[in-house]
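This report describes a protein chain whose sequence and coordinates are shown below.

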Amino acid sequence: MQQTTNTILMIRPINFRMNEQTAVNNYYQKVLDNMLPETVNAKAQQEFDAYVDKLRGIGVHVVVVNDTEEFDTPDSIFPNNWVSFHANGNVGLYPMFAENRRFERREDVLIQLEDEGFRINQIVDYTSAEDEHVFLEGTGSVLLDRINRKAYCALSPRADEDLFIEFCEDFEFTPIVFNANQTVAGKRKAIYHTNVMMCLGETFAVICLDSIDDKKERKNVIKHLKEDGKEIIAITESQVNNFAGNMLQVKGKDDMLYLVMSQAAYNALTKAQIEKLEAHTKILSSSLDTIEACGGGSARCMMAEVFLPKT
């Protein structure tokens, strides 16, 4: 069982822009008024390509699939929300909050992975929950500690508790449920995805503890992380606003571990936090300014980890 993988699936955008349907509860999205849609998309493609080059440069196997013109899918660049890949050959398919994001789920993406030599044994499909307006957006909503078989989930309009528990039963994880909030216009509102305020590495966890308002819930999360020997590196809400929680540890050449984040996230970290992280892992950052501003997601959201066995 591994916590990190060397293989990442990424979707190259063709119509990237701010998605009006997700902006209702993703408070990180912004409209770039001074930019034409074509410019926004071209900038996002440049950021995407540079990011893929950096990942490949450290020896990560990146499977790039192009988005299609068939549907209007402005958020296709964030595949980790609709699919997850597991070491036993199982694939999870997830119910999405925004109707236009449901078109991101594509069978040909799974076929391409099979063509690359990966084995898919079973598809566990939760998408019918959309009919009941119940959602769980993949590894955006659910953070997996694959070694210790624990799953962390901050509840939100995009992360339903009952469905999360069902996922944990199906995939054999112990559920750790909590509420994580951010201040929006003076009010505490649910953070839309767990992976915005928390990142799990092999030997550390980056987490915004201040966002867990309930003391009992906060204590419980800390207890589980400590029990599994993870050093807790706390970040602030303002660092979360710069996507410093949206990171992913990956394996590069010779199994070297890298923590991947955006340039904005790196710039938001303090010297002390960077030193703590570098005691565990190398850091790789890439500029994703346009993608972060319009998409309200960052480096981690763009990577769907592939743990599938090889045929």
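L144 stands opposite A151 in strand 7 of this predicted model. The two residues belong to a pairing of strand 6 with strand 7 (residues 150-155), which is antiparallel and has 4 bridges. These strands are part of an open sheet of 3 strands, ordered 6-7-8, in which the pairing is mixed. Strand 6 and strand 8 (174-179) are the edge strands and have a single partner each, so one side of each is left without a neighbour in the sheet. On average, neighbouring strands of this sheet are turned by 20 degrees against each other, direction ignored.

Helix 4 (residues 161-171) packs on this sheet and touches strand 6, strand 7 and strand 8. The direction of helix 4 makes about 160 degrees with that of strand 8. Helix 6 (residues 215-227) lies across strand 7 and strand 8, and runs at about 140 degrees to strand 8.

A further open sheet is made of 3 strands in the order 14-15-16, again with mixed pairing. Its edges are strand 14 (248-251) and strand 16 (282-286), each of which pairs on one side only. Strand 15 (residues 257-262) pairs with strand 16 in the parallel sense over 5 bridges, and S262 stands opposite S286 in strand 16. Helix 1 (residues 37-57) packs on the sheet through contacts with strand 15 and strand 16, and its direction makes about 160 degrees with that of strand 16.

Helix 1 also takes part in a charged contact. The side chains of D49 and R12 form a salt bridge, with 2.7 Å from N to O. Because D49 lies in helix 1 and R12 in strand 1 (residues 7-12), the pair ties together parts that are 37 residues apart in sequence. The structure holds 14 salt bridges.

Strand 9 (residues 181-184) and strand 10 (residues 187-190) run antiparallel and are joined by 4 bridges. T183 has R188 of strand 10 as its bridge partner. The hairpin of these two strands has 2 residues between the strands, and in it A185 takes a positive phi near 50 degrees.

The largest cavity is lined by 17 residues, and the closest to its centre are L144, L200, L248, R300 and E305. Strand 6 (142-145), strand 11 (198-200) and strand 14 each supply at least two residues of this lining.

The largest pocket has its own lining, made up of M1, Q2, H86, A87, N88, N90, R146, R149, D170, F171, E172 and F307. The table sets out the volume and lining of each space.

| Space | Volume | Lining residues by class |
|---|---|---|
| Largest cavity | about 160 Å³ | 8 nonpolar, 6 polar, 3 charged |
| Largest pocket | about 170 Å³ | 4 nonpolar, 4 polar, 4 charged |

Key
Residues numbered from 1 in each chain as written. Predicted model: local features only at pLDDT ≥ 70, side-chain atom pairs only at ≥ 80, totals over all residues. Heavy atoms only, no water. 1 Å grid on protein atoms, 1.4 Å probe; cavity = no way out; pocket = protein on both sides within 12 Å on 5 of 7 lines; lining within 4 Å. Points joined across faces, edges and corners; volume = space filled by probe spheres on them. Nonpolar A, V, L, I, M, F, W, Y, C, P; charged D, E, K, R; others polar. Pairing = 2+ DSSP bridges. Contact = heavy atoms within 4.5 Å. Axes fitted to C-alpha atoms, helices over the stretch in contact; angles between N-to-C directions. Salt bridge = Lys/Arg side-chain N within 4 Å of Asp/Glu carboxyl O.
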